[in-house]
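Subject: Handover of a structure

Hi,

Here is the structure I am passing on to you.

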Amino acid sequence: MKRKKLITGLGVVALCASLATPTLAANSSNGNLTNDNQVYSIQGFTDHAEMVKRLQQIEKNSQGRVALEVVGQSNRGRAVYKARVGNGKKVVLIESEIHGNEKTGTEALLNLLQYVGSSNSPEAKKIRDEMTLVVLPKMNPDASELNRRGNDMSWAEVVAKFPQLASASKPAWNYYASGVLQERDYTGKPGFDVNRDFNPDLNYVPKAADFPGASNKPGWYITPESQTVREVYKSLKAEFGKVDVFIDLHHQGQYYVEGTDDIVTMSLSADFVPDPRTPRGEKYAQYASNYNFEFSKQLNLAAYNALQSIGQNSPFNNISLYSQNLDLPGTALGSFALNGSGTVLFEVRGQTHTLGQKKKGQLVKAVETGLYGIINGVADGSVTQLNADDYNNIPRTSSTPSL
């Protein structure tokens, strides 16, 4: 059962021109996610060393348009890279692999940098003229090398860096110290979910009284990976006054477009914390003047429209709206939304080890298509003319098919 929607607005130009048990969706152009009990090799994805070589080649080929910089180190000493291209006043920051088993975003960002940095097309020139595009590909490289969600860091290492936390009643709630999560055993090699280690107070210093915390409370910037992203964000704010757009590229389990048996290709969202101007979001009242939920909705619509425009039977459609009414200030998206950025979440279906090579290519292209929808919409200004209310018409996500 198909349900296809294209949200109205001025033209959006597309360049392209948690695990679940898979269930066959007979009417879905996407087909099945993978075979039951099969784990695919991840060798087709770019590892850290390969990424560094590709970034260096992209920088060289760009003839000075792409600037590459090491902006931090992971807990195990791997370099975290920032690539920057363009000279415009509109600032777009994109990161990938904050969870190391969510790799399609890195592939898409490398392709994006290659095109925007080296192409002489009118589209690429427009992007470079109108915006400053900053990307952090594979920003959690330790987790990426382990192909798992959490980084590679113990609570003891955190306390060594922040001695004031020795009196904390418990470690951080997002600490994986033992057991199996997403088919990865953390026993003996613990780590943190870095995407719960952010805080809307960009100058926050960890305090023992704030631990262990909870999902609806801010994080602490105790991991070097989140600290690196914070410093990049702060430096852009200092240079430009604000970061206009922040996009975080993720993966999710297998879900369905609500009311259909169509497997979701990707979910989108603008909603990570309650509006500070509402009773529910009152605890964030100090950020009320920064928060721009309407713009975040418009950005998500630009991505949705770009993907929907490809065609009825395209493997790139079946786009849904991620869970709404969230309260996750410890995520990068929640923290940066409160600091005034328009925010977009991409949640591609499946973790890396559940993707075959064909699906990998399709899903990477889906990410690229959504990104170009946003980037072109920001570059030409058309994104601000979309009707933000139409965000609510994007199909919702369901955990089971409806026939």
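Below is what was found, starting with the whole chain.

This is a predicted model, in which local features need pLDDT of at least 70, side-chain atom pairs count only at pLDDT 80 or more, and totals for chains, interfaces and linings use all residues. Residues are numbered from 1 along each chain as its sequence is written, and side-chain values use heavy atoms, with hydrogens and water left out.

Overall: the protein chain has nine helices and 14 strands. These are DSSP runs numbered from the N terminus (helices: H or I, at least four residues; strands: E, at least two). Of the 403 residues, 61% are buried. Buried means under 20% relative accessible area (1.4 Å probe, protein chains only). The accessible surface is about 15,100 Å², with 49% from carbon and sulfur atoms; the areas come from the Shrake-Rupley method with a 1.4 Å probe.

Strands: S1 (residues 66-73) pairs with S2 in the antiparallel sense, over seven bridges. Pairing requires at least two DSSP bridges between the strands. Val 66 has Val 85 in S2 as its bridge partner. S1 and S2 form a hairpin with five residues between them, and Gly 77 in the turn has a positive phi of about 90°. S2 also runs antiparallel to S4 (residues 131-136), joined by three bridges. Arg 84 stands opposite Val 134 in S4. Six of the seven residues of S2 (residues 79-85) are buried, so the rest of the structure largely encloses this strand.

Aromatics: the whole structure holds 12 aromatic pairs. Rings of Phe, Tyr and Trp (its six-membered ring) pair if their centres lie within 6.5 Å; planes under 30 degrees apart are stacked, over 60 edge-to-face, the rest tilted. Trp 155 and Phe 192 make a tilted pair, at 6.5 Å centre to centre and 45° between the planes. Trp 155 is in helix H5 (residues 155-161) and Phe 192 in strand S8 (residues 191-192), 37 residues apart. Both Trp 155 and Phe 192 are buried. Phe 198 and Tyr 221 pair edge-to-face, at 5.7 Å and 75°. Phe 198 and Tyr 221 are buried too. One aromatic cluster takes in Trp 155, Tyr 175, Phe 192, Phe 211 and Trp 220.

Helix H6: this helix (residues 224-240) has 17 residues. Its buried residues include Arg 230 and Tyr 233. The charged end of Arg 230 sits over the ring of Tyr 221, 4.2 Å from its centre. That term requires NZ of Lys or CZ of Arg within 6 Å of the ring centre and within 35 degrees of the ring normal. Just after H6, Gly 241 has a positive phi of about 95°.

Best wishes

How values were computed:
Buried means under 20% relative accessible area, exposed over 50%, partly exposed in between (1.4 Å probe, protein chains only). The expected span of a helix is 1.5 Å times one less than its number of residues.
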